[in-house]
Amino acid sequence: MADASHYTYRVSWSEPDSEFVGTVAEFPSLSWLAETQNEALDGIITVVRDVLEDMASTGEKPPVPIADRSYSGTFTVRTSPRVHRTLAVEAEEQGVSLNLLVNQKLSVPAPGRGTPDVKAG
């Protein structure tokens with residue numbers, strides 16, 4: 001059976017519900033409302049454990065946790081010719097490759113978030 005602790009959980013405040021809501025990225029239809037962040041997290045983890053048990057008993061295959069997936073480090077991004085040109089000019093002005101410039105931009109953490117594990121190259 002899949003390990004519920006490997007899934008990607010998030011707890012945020014739900015203004016409409018006036019409670020914290022726990023969600024899990026790999027099961028977007030699941031959520032758990034609670035008065036505290038800890039209760040919301042505990043609740044959604046319990047729901048995922050229950051769902052995984054049900055899936056195992058019926059032979060359904062659960063989604064692979066994001067943390068357990070393999071990534072090549074390569075992906076293609078389509079953009080407009082104008083944005084491509086603007087980025088190419090910026091890279092040239094900085095004396096770096098377009099790949100390095102875009103990697104640096106993607107590596108900047110969002111406000112309130114830690115630094116992602118991204119290596120430029």
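Of the 121 residues of the protein chain, 21% count as buried. Buried means under 20% relative accessible area, exposed means over 50%, and partly exposed lies in between (1.4 Å probe, protein chains only). The model is predicted: local features need pLDDT of at least 70, side-chain atom pairs count only at pLDDT 80 or more, and totals for chains, interfaces and linings use all residues. Residues are numbered from 1 along each chain as its sequence is written, and side-chain values use heavy atoms, with hydrogens and water left out.

The protein chain exposes about 9000 Å². Carbon and sulfur atoms supply 53% of that area. Accessible areas come from the Shrake-Rupley method with a 1.4 Å probe; for residues, only the protein chains shown count as cover.

The protein chain contains 3 helices and 3 strands. From the N terminus on, their order is β-β-β-α-α-α. The radius of gyration is 20 Å, well over the 14 Å that the globule rule gives for 121 residues, so the protein chain is more spread out than a compact globule. This radius is taken over C-alpha atoms, and the globule rule is 2.2 Å times the number of residues to the power 0.38. Helices (H or I, at least four residues) and strands (E, at least two) are DSSP runs, numbered from the N terminus. Along the principal axes, the C-alpha atoms fill a box of roughly 55 × 35 × 25 Å.

Contact means heavy atoms within 4.5 Å. Among the contacts with a separation of 6 or more, 30% join residues 24 or more positions apart.

Charge was treated next. The protein chain carries 10 positive and 17 negative charges, and their mean positions are 15 Å apart. Lys and Arg count as positive and Asp and Glu as negative; His and the chain ends are not counted. Each charge is placed at NZ of Lys, CZ of Arg, CG of Asp or CD of Glu.

A search of the whole structure finds 1 salt bridge, defined as a side-chain nitrogen of Lys or Arg within 4 Å of a carboxyl oxygen of Asp or Glu. Glu 90 forms a salt bridge with Lys 105, and the closest N and O atoms are 3.2 Å apart. Glu 90 lies in helix α2 (residues 81-94) and Lys 105 in helix α3 (residues 98-107), so the pair ties together parts that are 15 residues apart in sequence. Glu 90 is partly exposed at 24% relative accessibility. Lys 105 is also partly exposed, at 41%.

Leu 101 is found in helix α3. Leu 101 counts as buried, with 2% relative accessibility. Its C-alpha atom is 8.0 Å from that of Glu 90, which is 11 residues away in sequence. Leaving out residues up to four places away in sequence, Leu 101 touches Leu 87, Glu 90, Ala 91, Gln 94 and Val 96.

Ala 40 sits in helix α1 (residues 37-58). Ala 40 is buried, with a relative accessible area of 0%. Beyond residues up to four places away in sequence, Ala 40 touches Val 11, Phe 20, Val 21, Gly 22, Trp 32 and Ala 34.

Ser 18 is found between β1 (9-14) and β2 (19-24). Ser 18 has a positive phi of about 55°, although it is not a glycine. Most residues other than glycine have a negative phi. Ser 18 is partly exposed, with a relative accessible area of 48%.
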